[in-house]
Amino acid sequence: MAEKFQATIIGGGPGGYVCAIRLAQLGIKTACIESRGTLGGTCLNIGCIPSKNLLNLSENFHRAKNFSKIGIEIGEVKLNLPKMMQNKDKAVMTLTKGVEFLFKKNNVTYFKGIGKLKSSTEIIILDKENKEINIQSDNIIISTGSEPVALPGTEFDEEKIISSTGALSLKSVPKKMLVVGGGYIGLEMGSVWSRLGSEVHVIEFLDHITPGMDKEISNEFMKILKKQGINFHMQHKVENIKKNSSGAIVLTTDKDGNKKEFDCDVVLISVGRKPNTKGLNLENVGVELDKKSRIKTNKNFQTNINNIYALGDVIAGPMLAHKAEDEGVAVAENIAGQSGHVNYDTIPGVIYTTPEVA
């Protein structure tokens, strides 16, 4: 007979694990399903934490290389990239293990595997040995996060054409890196590899970087990055990317129709992220999606099926870890019969979708 839970979260990222822990604290029998094998989602494993770790380490390396300019002589400064990556991996492991400890402390049942809906109250879990586990749940929370978007006609190989995931684990410093997209994720990674010795070029379709942010801040930010040595090519559209033996050639067109080719060792495509809603069997169960494949929810994070909730990157709104965490607490409190503390009606500029909105 299938084990039964009062609430089950599919996805163990910032939204999912926070929701699971809060549910358990409120006395609800809770399970969490995570396919990665480690908890923490994109943020802890291949996002915020490792990127900030490398930003810090690369900044220290850059400063050390320039100590002689301020009268501090320490000899030749050398980069040990494998050791730097080990430091980053250790930081990630420490935090993911910490979340797993919190699951044990709060009696959250942790399933390592791929979860998908069988019905509105049943979930099938496929573990790493391809064994199926069936569980039942009164409430189901979808918190499966997002993944990088590739350009049309290109695929990530994480060697020559890479996403932010590949940019966190390069085995050597590329002589020349081309970053497609002037958002904060691509600029973070471009900054890391620029400090470590790579010649970095950024291609951006718009006339400014960090779209959606304050224009004045964007301009000042670009000045800082230019001083760091990063090259910017604004109002350029990528037409084609072709891999070759040494890396890739990227063909672009500027606003006046002029074409330009860029030779590089690595192309980092950072043009956005999309929700992870495929493979969950949502359509067959009847959970409604919008045109961007996001799950439609009301202000209580319920889908059109009342006992199925969604939060984080799979619903409308900024794809940010702290947003997902706050939503996770709100969903847990709503399920427990309390008043979830997030109310988007009172937050200016934040729009949520309801099951009735197309």
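User: Leaving aside its neighbours within four places in sequence, with which residues is Ile142 in contact?

Analyst: This is a predicted model. Beyond those sequence neighbours, Ile142 contacts Ile10, Leu117, Leu280, Leu282, Ile295, Ile308, Tyr309, Ala310, Leu311 and Val314.

User: How many residues does the largest nonpolar core have, and which have the most contacts inside it?

Analyst: That core has 48 residues, and Leu23, Phe103, Leu117, Ile141 and Ile142 have the most contacts inside it. Helix α1 (residues 14-25) supplies the largest share, seven residues.

User: How is a pair of aromatic rings described, and how many aromatic pairs does the structure hold?

Analyst: The description rests on the distance of the centres and the angle of the planes. There are two aromatic pairs here. In one of them, the ring centres of Phe5 and Phe111 are 6.0 Å apart and the planes stand at 90°, so this pair is edge-to-face. Because Phe5 belongs to strand β1 (residues 3-10) and Phe111 to strand β3 (residues 109-112), the pair ties together parts 106 residues apart in sequence. Phe5 and Phe111 are both buried. Phe103 and Tyr110 also form an edge-to-face pair, with 5.9 Å centre to centre and 85° between the planes.

User: Are Phe103 and Tyr110 buried or exposed?

Analyst: Phe103 is buried, at a relative accessible area of 1%; Tyr110 is buried as well, at 19%.

User: Which residue lies over the face of Phe5?

Analyst: Lys29 does, at 5.1 Å from the ring centre.

Conventions: Residues numbered from 1 in each chain as written. Predicted model: local features only at pLDDT ≥ 70, side-chain atom pairs only at ≥ 80, totals over all residues. Heavy atoms only, no water. Core = buried A, V, L, I, M, F, W, Y, C linked by side-chain atoms within 4.5 Å. Buried < 20%, exposed > 50% of the residue type's maximum accessible area, 1.4 Å probe, protein only. Helix = DSSP H or I, 4+ residues; strand = E, 2+ residues; numbered from the N terminus. Contact = heavy atoms within 4.5 Å. Phe/Tyr/Trp six-rings, centres within 6.5 Å; stacked < 30°, edge-to-face > 60°. Lys NZ or Arg CZ within 6 Å of the ring centre and 35° of its normal.
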